[in-house]
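Trainee: I would like a close look at one residue and its surroundings, and then at how that part sits in the whole model.

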There are 2 protein chains.
Amino acid sequence: MNVAIVGASGAVGQEFLRVLEQTHFPVDSLRLFGSARSAGRTFNFNGNDVSVEELTEQSDFSGIDFAFVSAGAGVSLKYAEHITRGGAVMIDNSSAFRMDRDVPLVVPEVNGPDALDAPRNIIANPNCTTIQMVVALNPVNSLSPIRRVHVSTYQAASGAGASAMDELVGQHASLARGEAPVVEKFAHQLAYNVIPHIDVFMDNGYTKEEMKMHMETKKIMHSPSLEVSATCVRVPVMRAHSEAIWVETEEELPIEAVTEAFRAAEGIEVIDDPAQKRYPMPLHAAGCDPVYVGRIRRDLANPKGITFWTVSDQIRKGAALNAVQIARYIIDHC
Amino acid sequence: MNVAIVGASGAVGQEFLRVLEQTHFPVDSLRLFGSARSAGRTFNFNGNDVSVEELTEQSDFSGIDFAFVSAGAGVSLKYAEHITRGGAVMIDNSSAFRMDRDVPLVVPEVNGPDALDAPRNIIANPNCTTIQMVVALNPVNSLSPIRRVHVSTYQAASGAGASAMDELVGQHASLARGEAPVVEKFAHQLAYNVIPHIDVFMDNGYTKEEMKMHMETKKIMHSPSLEVSATCVRVPVMRAHSEAIWVETEEELPIEAVTEAFRAAEGIEVIDDPAQKRYPMPLHAAGCDPVYVGRIRRDLANPKGITFWTVSDQIRKGAALNAVQIARYIIDHC
């Protein structure tokens with residue numbers, strides 16, 4: 001396969017390189033694209049140095065099979081037609097096309113077949129918090145349709161990019177020296193704080209991040225009546241998002257059946273042994289592929305409810321890994 | 001009033017000294033008690049040095065009007081009868097007596113009158129996460145009875161005591177030097193992590209902290225059918241707990257009426273101006289008295305639901321301040 005990565009020097013772009021190598025994706029040729037600022041940088045892939053080309057309207061995508069794009073919604077909107085014109089399938093990590101009727105929004109474990117019907121040659125990768133949630137919702141939904149979801153998130157700094165991780169470390173260093181921390185990447189100081197504000201606020205009082213979880217979940221799970229209310233919160237963690245989730249299903253489910261369904265599900269690893277202090281935590285999930293699920297128990301406030309806790313590296317499964325899995329699904333099913 | 005503080009050198013004990021001073025509590029005499037290790041230490045109160053006496057079965061509590069006790073459930077159980085024998089009202093910050101039928105569990109804004117009927121001369125101060133939640137639930141419950149609550153917490157290190165705050169700072173310092181952090185106060189490293197485990201695990205998969213929120217809320221609000229499902233999570237914050245809360249009421253409530261009720265409620269300060277990036281955060285709540293409420297909005301997954309976000313300093317309103325307010329309520333109403 002001839003592969004391109006657009007946004008190669010960003011946190012997700014770098015993860016694409018690692019995931020393509022680690023999953024032995026069949027790469028015949030690789031081209032890297034980036035901004036003028038990134039152009040000329042070289043990155044190693046399978047032992048070879050590959051230079052970043054500047055992305056312009058003269059960039060040639062003919063012959064490319066898959067273009068993994070993660071350079072923000074503006075770049076995706078501007079270059080989508082250009083990238084796909086020659087037949088490349090664009091797998092887009094931005095929010096630009098996610099709710100577009102002609103663009104499938106895909107998490108392979110949940111709605112893989114949707115990837116096979118992409119009339120614009122664009123497939124959207126969902127929001128990172130949504131990906132890890134729907135991977136966990138899917139086995140429960142298979143036992144009994146889910147009606148409602150309440151979810152609060154504990155989102156890592158890396159969701160705002162590599163420089164946001166640097167800012168968090170820098171804030172701790174400044175505070176340790178008794179100096180005022182630099183605050184640029186987040187609305188407020190993140191060190192020793194939590195911030196209930198990710199992305200911009202909408203008219204209904206929810207943030208755009210929270211509304212992504214609401215809208216994207218319906219589309220991915222083909223459940224227009226599945227309603228999600230989310231509170232998204234940034235926490236001073238480097239990498240991997242955590243989520244406390246309550247679901248209400250149509251039928252009351254035995255907790256053992258739910259745990260069994262999680263254990264059997266593709267992409268999930270259950271860590272649920274409280275007696276041994278074992279449950280998912282972001283510190284242990286960084287750099288790992290699975291969606292970890294634990295703290296599985298009855299919802300004491302709802303006889304048809306269950307509650308659990310998930311953790312996943314939002315740069316792996318929440319972004320690069322999921323996108324590469326989409327490409328792999330297409331290769332395997334076409 | 002003749003006042004005693006038991007556990008004077010702990011984080012909550014020290015806060016008792018500050019709160020008694022700052023609220024101009026009518027203190028005629030003050031005695032401090034602690035363990036053998038703390039005995040002899042002196043603390044300043046209203047300009048005078050007061051020495052810590054060792055708490056033993058020979059300690060004399062005769063003449064004491066109010067004993068504020070925060071030295072763990074074991075000490076409370078062992079000394080309760082001794083402390084109250086001479087007529088002192090013991091206001092106990094531990095979990096020892098909270099669910100005792102003859103011991104009122106009091107948050108003055110919610111169920112102040114309960115404090116006036118304490119047959120054992122013991123009044124229990126609720127769990128810190130429960131206090132800030134019921135202060136926020138109460139005005140909503142007055143508009144329409146609350147049936148269910150889903151809550152996830154973001155709890156500060158200081159909930160585990162002053163030494164836990166030191167451990168968190170020390171972990172950051174060790175990590176900055178490239179050294180392995182010391183982990184003693186929590187089950188796992190807290191720096192750059194979140195831990196879904198506070199207090200011990202129960203047979204139903206919930207932690208004791210989560211079950212406190214379930215049980216204590218029913219008792220304080222006189223609502224045996226009000227069901228709470230909580231997920232309690234430790235986050236790397238120094239002081240002040242945050243909570244994402246969803247409530248379902250019997251009747252559908254206009255969001256404006258809910259916001260108005262929060263604004264009018266005693267003990268609450270509404271901070272809800274997303275356009276100006278203003279919402280409650282632990283960084284700004286440390287050392288402050290109110291329960292801050294913000295992010296008030298409809299529950300998109302439940303027509304009879306609303307959701308909001310609260311932050312409060314769990315050593316102030318969550319412990320020392322609430323206990324002193326109980327004493328003040330008794331003085332004002334006896």
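Trainee: In which helix of chain B is T130(B) found?

Mentor: T130(B) lies in helix 4 of chain B, which covers residues 128-143. The model is a predicted one, in which local features need pLDDT of at least 70, side-chain atom pairs count only at pLDDT 80 or more, and totals for chains, interfaces and linings use all residues. Residues are numbered from 1 along each chain as its sequence is written, chains are lettered from A and ligands numbered from 1 in the order written, and side-chain values use heavy atoms, with hydrogens and water left out. Helices (H or I, at least four residues) and strands (E, at least two) are DSSP runs numbered from the N terminus.

T130(B) has 0% relative accessibility and therefore counts as buried. The cut-offs are under 20% relative accessible area for buried, over 50% for exposed and partly exposed in between, with a 1.4 Å probe and protein chains only. Apart from neighbours within four places in sequence, T130(B) is in contact (heavy atoms within 4.5 Å) with K212(B), M213(B), E216(B), T217(B) and I220(B).

D289(B), elsewhere in chain B, has another setting. D289(B) sits in the loop between helix 8 (282-285) and strand 12 (291-298), and counts as partly exposed because its relative accessibility is 33%. Outside four places in sequence, the contacts of D289(B) are S312(B), R316(B), K317(B) and L321(B). With R316(B) there is a side-chain to side-chain polar contact of 2.8 Å. Such a contact is a pair of N or O atoms within 3.5 Å; within protein, one must be able to donate a hydrogen and the other to accept it, and residues adjacent in sequence count only if both atoms are side-chain atoms. The C-alpha atoms of D289(B) and V12(B) are 14 Å apart, although 277 residues separate the two along the chain.

Now the other copy. Chain A has nine helices and 13 strands, and its C-alpha trace spans about 60 × 60 × 40 Å along the principal axes. Of the 334 residues in chain A, 60% are buried. Taking contacts in chain A between residues at least 6 apart in sequence, 66% join residues at least 24 apart.

Two residues of chain A other than glycine have positive phi. H24(A), with phi near 50 degrees, is in the loop between helix 1 (11-22) and strand 2 (29-34); its 66% relative accessibility makes it exposed. A240(A), with phi of about 95 degrees, is in the loop between strand 9 (227-231) and strand 10 (241-249), and at 1% relative accessibility it counts as buried.

Helix 5 of chain A leads to the pairing of the chains. Buried residues in this helix include A164(A), M165(A), L168(A) and H172(A), and part of what covers the buried residues of the helix is helix 5 (162-176) of chain B. After helix 5 of chain A comes G178(A), with a positive phi near 80 degrees.

Chain A can be laid on chain B with an RMSD of 0.0 Å by a turn of 180 degrees and a shift of 0.0 Å along the axis. That is the relation of a two-fold axis. The superposition is by least squares on the C-alpha atoms of residues with pLDDT of at least 70 in both copies. Of the interface residues of chain A, 100% are also interface residues in chain B, so the copies meet through the same surface.
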